[in-house]
Each structure stands twice: as structure tokens, then as C-alpha cells.
Amino acid sequence: MDPWLTIDVRVNGLATEDQQLVQKLATRLRKERTTLAVLDLYYNAEQRVEDLGISTPPALKCLHTVTGWPGLIVDALDERLCIEGFRYTTSTEADSDLWEIWQANDMDGEAPLATLDALVFGRAFVLVGSDGPAGVPLITVESPENVAVEWDARTRTVKAGLHFYEMDDQKCAALYQRTKTVYMGATRDDWEILDVDEHEIGKAPVFMLANRQRTNDRYGRSEITPAIRSLTDAACRTLLGLEGAREFYAIPQRYFLGVSEEQFQTANGDVASKWDALMSTILALPRDEETTALPQAGQFTTMSPAVYTEIINTYAQILGAIAGLPPDFLGRTTDNPASADAIRSAESRLNKKAQRKMVTFSSTWEAVLRFALALTNGGQVPAEAHGIETIWANPATPTPVATSSAVVAQVQAGILPADSDVTLEALDYTPLERARIRVDAQRSAGEQFLAQIAHSLQAKEVRTDGSLAKELTPHAQPPAPATPPGGGSGGG
């Protein structure tokens with residue numbers, strides 16, 4: 001924890017009510033940081049597992065074993081949450097203006113950071129300002145390790161937020177409220193006000209991306225639950241026991257009868273190492289010179305380390321049931337390749353969880369864009385902006401053959417029009433790809449129409465040329481009737 005966060009944040013010249021709010025939020029942030037640090041260690045597989053002190057040899061106490069299961073659980077969900085665009089509910093196509101704001105802030109790369117923090121820590125924060133790039137509002141994502149907010153459950157918005165950051169080697173903070181933003185800077189002894197922005201928008205420019213909210217806990221909870229942390233620690237301790245068992249299993253304990261101490265010494269009289277003794281000396285022990293008896297050697301029965309792997313597999317099965325992970329995600333595979341239906345069945349619960357996250361996170365991103373539009377519209381939200389819809393990529397594993405067959409069957413049955421945007425979306429085409437397909441289809445239709453016109457004109461020209469040729473060619477005289485034999489028609 002940063003030392004400057006452990007002291008009271010006393011700001012010179014700040015109103016008493018605002019000072020109390022700053023102290024309240026700073027205290028909350030200091031308390032939350034301890035829990036957030038633990039969750040971060042588990043996600044990064046850097047947590048120290050508590051030693052029970054029962055079976056771990058002293059030589060293995062410095063060994064650190066990891067499983068990486070918390071990170072696997074979080075990443076399995078995070079990889080399925082990809083935003084492809086935004087549209088108004090009155091339109092079936094992605095809106096270019098909303099996407100322009102998104103792209104100008106590089107949210108393709110920033111939004112996944114907020115999603116990942118929300119899954120790991122239980123929440124992430126998004127800030128919106130007016131001084132963005134390319135003349136659009138500025139959207140930034142912030143870690144919950146640096147932001148604390150006061151949530152209004154009735155309006156489902158942030159009442160106030162406190163953000164700690166560093167700028168130009170100075171510790172700074174910003175107090176966001178519904179009518180103003182107070183910027184503060186740390187001095188040697190206390191804090192001072194740097195600037196006050198009286199925006200009068202009526203909403204704090206702080207938005208919370210909360211994961212697994214409860215009615216009594218609106219600040220969200222991590223996907224790395226206490227049950228998952230407990231199973232992870234148990235698996236790590238089992239792996240540590242497996243490391244110790246591996247040593248005894250690879251080189252089992254042995255005993256020797258009728259052997260003198262000198263036979264375990266090197267040529268210069270030093271005591272041989274355990275490795276040299278096992279790998280060389282005991283392979284050729286001489287007879288006892290007095291009794292001429294051969295030395296007797298034996299080996300203690302060792303336990304197979306397979307018992308540890310079975311325990312780890314049991315933990316993995318329990319973990320998969322809790323997290324909703326398919327068996328192959330935890331290394332349990334079969335020899336037969338999975339079909340499309342088998343893949344969908346195994347991932348059904350994970351995909352359903354991802355869809356629920358989409359519904360939860362969509363409301364935050366849509367509120368962010370509404371606020372951004374308000375900043376460019378004199379503080380007023382455009383009427384159509386109340387119906388913004390987030391377009392997410394399909395969270396399921398792509399199965400192109402099965403999906404195409406199902407869509408083609410619906411088109412042939414007349415359920416879906418072949419040129420509908422819904423049909424293309426069902427085939428997992430992105431909004432950009434669907435727009436390109438429509439342009440190509442229009443271009444192709446135009447080229448066909450022009451070709452038909454050209455063909456018609458050419459045919460008409462041929463018909464016209466034929467008619468003119470007939471009109472310009474002189475009419476041929478009919479041939480004279482043939483003279484009958486014998487000349488004329490006279491009688492004989």
C-alpha cells in the first residue's frame with residue numbers, strides 16, 4: 001500500500017461536507033485494498049500457501065507450488081466477453097457515431113481491462129471527461145485499487161467518487177460529484193485544491209462495472225470466491241506433498257546388513273555423498289574377510305505418488321463444478337474428439353454465465369455512452385440515446401458447420417430471409433463484416449442490373465439495325481412466270 005494513502009487526506013479550503021466525504025471514501029479505499037491485494041495474488045498465482053506443519057519436510061518449506069486455477073477461471077469468462085458495437089433499439093444496424101466515440105478512445109483495448117478487473121476484484125470503474133481525443137469525450141478505465149465510490153441503489157448510479165492518481169510526479173486526487181469535480185494535489189504536509197469544475201450535469205462522471213452484485217452488496221464480488229481459494233490452496237499443498245513423494249519414489253530408502261563404515265568412504269577417506277553411495281559403492285560391496293559372508297541389502301516399500309494425483313483430480317472436479325468449467329479446461333480429456341453438440345453441452349453453463357455478465361456489464365457501458373453524448377449535447381441526453389443496445393460477440397465456441405446448417409434450414413423453411421441482418425448475425429459475422437457484406441451485395445446487385453440494361457440495349461440495337469436494313473434494301477422484283485413448253489397457250 002502506498003504510504004500517502006495511509007494518512008488522512010486533509011484538503012485546505014475544502015468545504016466541511018466535501019472534506020467529510022473525502023475522508024469517508026479514502027478510509028473505504030484503504031480497507032478495500034487489503035482484500036484486493038489478496039485477490040490479485042491469487043489471479044497471478046503468487047499467493048503463499050499456509051503450511052499446516054504436519055507432513056511437509058523442512059527442506060521443502062522454501063518450495064512454492066502453484067496451480068493457476070483462479071486465473072484460469074477468470075480468463076475463461078473474460079475471453080468470452082467481447083464488445084463488437086452499439087446500436088439504437090430503433091435500428092438493426094450498429095451506430096457509427098457511437099462506435100466513433102468508442103474507437104477514438106481506443107476502447108477495443110481498454111474495455112477488456114475493465115472487464116478483467118471486474119471479474120478479479122468484483123468491480124472496475126470508468127471515468128468520462130469532456131477533453132477527449134478528436135473532439136469526442138474522454139473515456140478511461142480505472143482500477144478499484146485507486147477509486148472508491150458511494151453508490152445510490154435507488155437510482156443505480158454513483159453519488160460520489162474519489163480517484164487517486166499521479167500526474168507530473170505529484171500525488172493527486174479528484175472528488176467527483178453530481179454537480180462538480182474537485183481536483184486536489186498533495187503537498188509536503190497536506191492537500192490543496194488545484195481546480196474546481198462546476199459541470200452541473202446532475203450525474204457524477206464515474207461509472208462502476210460491478211460483477212456478481214447482490215441486493216445487500218452493490219459493489220460486486222470477485223469470481224475468485226473463498227471456495228475457489230480454498231481448493232487452490234489445498235491443491236498447492238498436495239502438489240508440495242507430491243514433490244516430496246517424488247524424491248522418495250525416485251530414490252527409495254534402502255538398508256544394508258554386514259557392511260562396514262569404510263565401505264561408504266571415498267579413496268581419500270572422506271564420507272561419500274548419498275548420491276555416490278547409491279549410484280556406485282553399493283553396486284560392488286566386497287565379502288566380509290572374516291566370515292566370507294555376502295552383505296545383505298534391502299529396500300523399503302514406497303508408496304506410489306498416484307494417490308496425490310488422484311487427490312488433485314478430485315479437487316479439479318470439485319473446482320470445475322463450482323466454476324462451471326468444461327472438463328477439458330482442467331486437463332481431463334478423452335480420446336474421442338468432441339462433436340459440435342458435445343462442445344456446446346459441455347460449455348452450456350459457462351456460456352450462460354458469460355451471457356449474464358453481458359447483461360450486467362451492458363448497462364454500465366450504455367450509461368457511459370449516454371453521458372458522453374450528453375457532454376457533446378449541452379448536458380442533455382438525446383432522446384434516441386435512452387435506447388442504446390450493446391452488441392456482444394457470441395460467447396460459445398464457434399462451430400461453423402453446425403451453425404451454417406441450422407441457419408440454412410431456417411432460410412429454406414422461410415423462417416429467416418436470406419438477406420436479413422439477423423441471418424448474418426446468426427452466422428457469427430461481426431457488425432463490420434455484415435456492413436461489408438451488404439455493400440458487396442448492393443454492388444453485385446448493381447452490376448447485375450447494369451449488365452441486364454446493357455444486354456437489353458444491345459438486343460434493342462440489334463433489332464433496330466435489322467429493321468433499318470430491311471427498310472433500306474430495294475424490294476426485289478418477283479420472278480416472271482415460267483413459259484410453258486411449246487410456247488404460249490395456242491392450240492394445235
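Is tryptophan 102 buried or exposed, and what is its relative accessibility? In this predicted model, tryptophan 102 has a relative accessibility of 1% and therefore counts as buried, since the cut-off for that class is under 20%.

A pair of aromatic rings is described by the distance of the centres and the angle of the planes. For tryptophan 99 and tryptophan 102 these values are 6.2 Å and 15 degrees, and the pair is stacked. Tryptophan 99 is partly exposed, with a relative accessible area of 23%.

The structure holds 6 aromatic pairs, and another of them joins phenylalanine 86 to tryptophan 99 in a tilted arrangement, with 6.5 Å from centre to centre and 45 degrees between the planes. Because phenylalanine 86 belongs to strand β2 (residues 83–88) and tryptophan 99 to helix α3 (residues 96–104), this pair ties together parts that are 13 residues apart in sequence. Phenylalanine 86, at 0% relative accessibility, counts as buried. Ring pairs link Phe86, Trp99, Trp102 and Trp365 into a cluster.

Turning to the helices, the axes of α1 (residues 16–43) and α4 (residues 107–121) come within 9 Å and cross at roughly 105 degrees, so the two helices are roughly perpendicular to each other. Leu36, Leu39, Asp40 and Tyr43 of α1 make this contact with Leu116, Val120 and Phe121 of α4, and the residues involved divide into 6 nonpolar, no polar and 1 charged.

A ring also takes part in an arrangement with a charged residue: arginine 229 lies over the face of tyrosine 42, at 6.0 Å from the ring centre.

Methods
Residues numbered from 1 in each chain as written. Predicted model: local features only at pLDDT ≥ 70, side-chain atom pairs only at ≥ 80, totals over all residues. Heavy atoms only, no water. Axes fitted to C-alpha atoms, helices over the stretch in contact; angles between N-to-C directions. Helix = DSSP H or I, 4+ residues; strand = E, 2+ residues; numbered from the N terminus. Parallel < 35°, antiparallel > 145°, perpendicular 65-115°, else oblique. Contact = heavy atoms within 4.5 Å. Nonpolar A, V, L, I, M, F, W, Y, C, P; charged D, E, K, R; others polar. Phe/Tyr/Trp six-rings, centres within 6.5 Å; stacked < 30°, edge-to-face > 60°. Buried < 20%, exposed > 50% of the residue type's maximum accessible area, 1.4 Å probe, protein only. Lys NZ or Arg CZ within 6 Å of the ring centre and 35° of its normal.
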